[in-house]
Amino acid sequence: MMDKDIDELLDEVETKFVKPGSKDRMESTKSSRLNTSEKKSSALDAVINDILDIEVEKKDLNSSYDRNQLRSSLSDEANKCEHGRRCFPVFLGGSSDETGLGSSINRRSCDRLRCTSCDFRVCFFDNLSWSKDTDYLFLRNNVPELQKLKSKLSRKKGCRAYCCQCSWRNVQEPCELNDPNLKWVCGKHVS
């Protein structure tokens, strides 16, 4: 009932204030009063169809790929990204330690670390260690470029140097990541 009153009021305003002959403006005003959810739904459908059309064009024209198969494969790819596995607990290790998805049984060093503080992926370098004069500003300006970082790295057999843009560590033996100053988390391993 309220929608009808609003429509009548808008029609009255249009007749009083819209110049005669500007039929296009009245048409656009009336079309803008479409149900918002219908607009969103039709816009979303149009975007999905555009994406599917682009993906179908990329496929071989002779293949028997239909839209439902394509939609299914796109959702499978999204699920793979969403359902990656995380290390628990997260381990750091030296250069001789195996990297990958770690667990309490498989004590592998995580190679997918990400810093929640600076939002950068954690870099690591085998058989190198950070010098004592490494600082935040140096890392902030040079991570992730190895050529620039080399000035603060020195050779040390068995050591693995970890860093992001705000923190750094030298690790020689496997250890659980439990330092509250390090804001590093596993960024998911895709299996």
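## A buried serine

A residue counts as buried when its relative accessible area is under 20%. Ser129 has a value of 8%, so Ser129 is buried. This comes from a predicted model.

Ser129 lies in strand S3. Its bridge partner in strand S4 is Ser154. Leaving out residues up to four places away in sequence, Ser129 touches Lys152, Leu153, Ser154, Lys156, Cys159, Ala161 and Asn170.

## Strands side by side

Strand S3 covers residues 123-130, and strand S4 covers residues 153-163. The two run antiparallel, joined by seven bridges.

S4 also pairs with strand S5, residues 168-171. Here four bridges join the strands, again antiparallel. S4 and S5 form a hairpin, and four residues lie between them.

## Two nonpolar cores

In soluble globular proteins, nonpolar side chains tend to be buried together. The largest nonpolar core here has 16 residues. Which of them touch the most other members? They are Val90, Leu92, Leu113, Tyr162, Cys164, Leu177 and Trp184. Strand S2 (113-115) supplies at least two residues of this core, and so does strand S7 (184-186). There is also a second, separate core of eleven residues. Among its members are Trp130, Phe138, Leu139 and Leu153.

Take Leu113, from the largest core. Setting aside residues up to four places away in sequence, Leu113 touches Val90, Leu92, Arg121, Val122, Tyr162, Leu177, Trp184, Val185 and Cys186.

## Cysteines without disulfides

A disulfide is a covalent bond between the sulfur atoms of two cysteines. How many does a search of the whole structure find? The count is zero. Cys163 is in no disulfide, and the nearest cysteine sulfur, in Cys123, is 4.7 Å away. Cys163 is also buried, because its relative accessible area is 0%.

Is Cys164 buried or exposed? Cys164 counts as buried, because its relative accessibility is 0%.

Methods. Residues numbered from 1 in each chain as written. Predicted model: local features only at pLDDT ≥ 70, side-chain atom pairs only at ≥ 80, totals over all residues. Heavy atoms only, no water. Disulfide = S-S within 2.5 Å. Buried < 20%, exposed > 50% of the residue type's maximum accessible area, 1.4 Å probe, protein only. Pairing = 2+ DSSP bridges. Core = buried A, V, L, I, M, F, W, Y, C linked by side-chain atoms within 4.5 Å. Contact = heavy atoms within 4.5 Å.
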